[in-house]
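The following note sets out points for a colleague who wishes to examine this model. Please read the numbered points alongside the sequence and the coordinates.

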Amino acid sequence: MENKELETATLAGGCFWCTEAVFQRLNGVEKVVSGFTGGTIKNPAYREIITGRTGHAEAIEISFDPGKISFEELLLVFFATHNPTTLNRQQNDVGTQYRSAIFYNSEAQKETAEKVIANLEKEAVFDDPIVTEVTEASPFYVAEQEHQDYYNQHRQQPYCQYIIDPKVTKLKEHFSGKLKK
């Protein structure tokens, strides 16, 4: 059995059900956990997060094998599968808990995030400026069990069909070579 060194990426791109569904499908991603980070209270519950008063973002913590997928590649998928130009909003989800954010776990991740954002801006990939915050990782709180693996468990739900399905389709179209077999 090979012993691989996994790294952690912490990303917020709106609803964590959406970002979890996207990143679970990437080769090199070993685990994705939905939760909350970047706020002011300890051990927040979902019912507190959705008020927007705790300062937390719905986020995912990704354990990945950098030998199979780099942090930069994760960020390119991140930027391609959510709107990083809307402040505190993703589609109908509005509030600071739905902000676009990269919570870096090392100086190298911070530098990579800043480089990727600068390149996307230089290439004018988006019509509007990128508002994704790049912030040092703070404690990550795992969301309640019913929020884990949500899309895979509830594909028949309208939210999954109308909001998450298009993101997964976009992932398959633009990053087919990065998907798990």
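Contact here means heavy atoms within 4.5 Å. The model is predicted, and local features need pLDDT of at least 70, side-chain atom pairs count only at pLDDT 80 or more, and totals for chains, interfaces and linings use all residues. Residues are numbered from 1 along each chain as its sequence is written, and side-chain values use heavy atoms, with hydrogens and water left out.

1. In an unreviewed entry, UniProt gives the annotation "domain: Peptide methionine sulphoxide reductase MsrA" for residues 8-161. UniProt positions are in the numbering used here, feature names are shortened, and annotations may be inferred rather than shown by experiment. Over residues 8-161 the chain is 30% helix and 25% strand, with the end C-alpha atoms 29 Å apart. Helices (H or I, at least four residues) and strands (E, at least two) are DSSP runs, numbered from the N terminus.

2. Nonpolar cores. A nonpolar core is a set of buried Ala, Val, Leu, Ile, Met, Phe, Trp, Tyr and Cys residues joined through side-chain atoms within 4.5 Å. Buried means under 20% relative accessible area, exposed over 50%, and partly exposed in between (1.4 Å probe, protein chains only). The largest such core has 41 residues, and Phe23, Leu26, Phe79 and Ile102 have the most contacts inside it. At least two of its residues come from each of strands S1 (7-13), S2 (29-37) and S3 (57-64), and likewise from each of helices H1 (16-23), H3 (71-80), H4 (107-122), H5 (150-153) and H6 (158-174). Another core, of 7 residues, lies apart from it and includes Val33, Ala101, Phe103 and Phe140. In soluble globular proteins, nonpolar side chains tend to be buried together.

3. Phe79 and Thr132. Beyond its neighbours within four places in sequence, Phe79 is in contact with Pro84, Ile102, Val116, Ile117, Leu120, Phe126, Ile130 and Thr132. Thr132 lies in the loop between H4 and strand S7 (133-136) and is buried, with a relative accessible area of 9%. Not counting residues up to four places away in sequence, Thr132 touches Phe78, Phe79, His82, Pro84, Ser100, Ala101, Ile102 and Ile117. Thr132 and Ala101 are 31 residues apart in sequence, and their C-alpha atoms are 5.0 Å apart in space.

4. Packing of H3 and H4. Two packed helices are described by the angle between their axes and the distance between the axes. The axes of H3 and H4 come within 10 Å and cross at roughly 45°. Axes are lines fitted to C-alpha atoms, for helices over the stretch in contact, and angles run from 0 to 180 degrees between N-to-C directions. H3 and H4 are therefore oblique to each other; angles under 35 degrees count as roughly parallel, over 145 as roughly antiparallel, 65 to 115 as roughly perpendicular and the rest as oblique. The H3 residues Phe71, Glu72, Leu75, Leu76 and Phe79 meet Gln109, Thr112, Ala113, Lys115, Val116, Ile117 and Leu120 in H4.

5. H1 and its contact with H6. How many of the residues of H1 are buried? The count is 8 of the 8, so H1 is largely enclosed by the rest of the structure. The axes of H1 and H6 come within 9 Å and cross at roughly 35°. Trp17, Cys18, Ala21 and Val22 of H1 make this contact with Tyr159, Ile163, Ile164, Lys167, Val168 and Leu171 of H6. Trp17 counts as buried at 13% relative accessibility. Leaving aside neighbours within four places in sequence, the contacts of Trp17 are His147, Tyr150, Tyr151, Tyr159 and Ile164.

6. For "active site", UniProt lists Cys15 in an unreviewed entry. Cys15 is located in the loop between S1 and H1. Is Cys15 buried or exposed? At 6% relative accessibility, Cys15 counts as buried. Apart from neighbours within four places in sequence, Cys15 is in contact with Glu58, Asp93, Tyr98 and Tyr159.

7. Backbone points to check. Asn88 has a positive phi of about 55° although it is not a glycine. Asn88 lies in the loop between H3 and strand S4 (89-90) and counts as partly exposed at 21% relative accessibility. Asp149, also a residue other than glycine, has a positive phi near 55°. Asp149 is placed in the loop between strand S8 (141-142) and H5, and at 23% relative accessibility Asp149 counts as partly exposed.
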